[in-house]
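Here's a quick briefing for anyone meeting this structure for the first time. Have a look at the model, then read on.

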Amino acid sequence: MHRPRDPQLLKGVLPMLVLAALAHDETYGYELVTALREAGLDDLSTGTLYPVLSRLEHDGLVTSRLVPSSSGPARKYYRLSAPGVAALDERRAAWDALVATVEGVLDAVPPPDVHPYVPPRTDHPRRTP
């Protein structure tokens with residue numbers, strides 16, 4: 001069953017995923033969208049990806065070059081820069097630590113049939129000031 005993805009979660013990890021995808025090879029934007037969709041981000045749009053690529057390029061984590069195309073306008077190809085490789089390593093380590101923390105917190109939550117999360121509603125008399 002397909003569950004809708006929380007866009008805020010994707011927003012937080014997309015730059016790291018773009019860096020990881022570019023670690024394989026130089027590529028252009030639409031090809032990158034296609035690769036990330038095939039990896040499971042099936043609702044990823046180019047409108048979401050291109051601002052991330054621009055920000056990563058502005059931060060010096062990726063470089064780009066224009067390559068003429070016989071089928072239309074020139075394509076902008078992106079690749080990781082040396083700072084991008086280091087940033088990917090740092091973000092991967094931070095991600096691993098975050099996942100371990102989140103899993104620890106979530107694993108400590110008892111199942112709903114053992115401990116109800118929401119206490120039964122009680123009717124409290126309103127306090128008057």
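Let's start with Thr27, which is buried, at a relative accessible area of 8%; buried means under 20%, exposed over 50% and partly exposed in between, using a 1.4 Å probe and protein chains only. Keep in mind that this is a predicted model, where local features need pLDDT of at least 70 and side-chain atom pairs count only at pLDDT 80 or more, while totals for chains, interfaces and linings use all residues. Residues are numbered from 1 along each chain as its sequence is written, and side-chain values use heavy atoms, with hydrogens and water left out.

**Around Thr27**

- Thr27 sits in strand β1, residues 27-28 (strands are DSSP runs of E, at least two residues, numbered from the N terminus).
- Leaving aside residues up to four places away in sequence, Thr27 touches Leu22, Leu32, Lys76, Tyr77 and Tyr78 (contact means heavy atoms within 4.5 Å).

**The aromatic pair**

- Searching the whole structure turns up one aromatic pair.
- Tyr28 and Tyr77 make up that pair, edge-to-face, with 5.3 Å centre to centre and 65° between the planes (ring centres of Phe, Tyr or Trp, the latter by its six-membered ring, must lie within 6.5 Å; planes under 30 degrees apart are stacked, over 60 edge-to-face, the rest tilted).
- The pair links distant parts of the chain, with Tyr28 in strand β1 and Tyr77 in strand β3 (residues 72-80), 49 residues apart.
- Both Tyr28 and Tyr77 are buried.

Note on methods: Helices (H or I, at least four residues) and strands (E, at least two) are DSSP runs, numbered from the N terminus.
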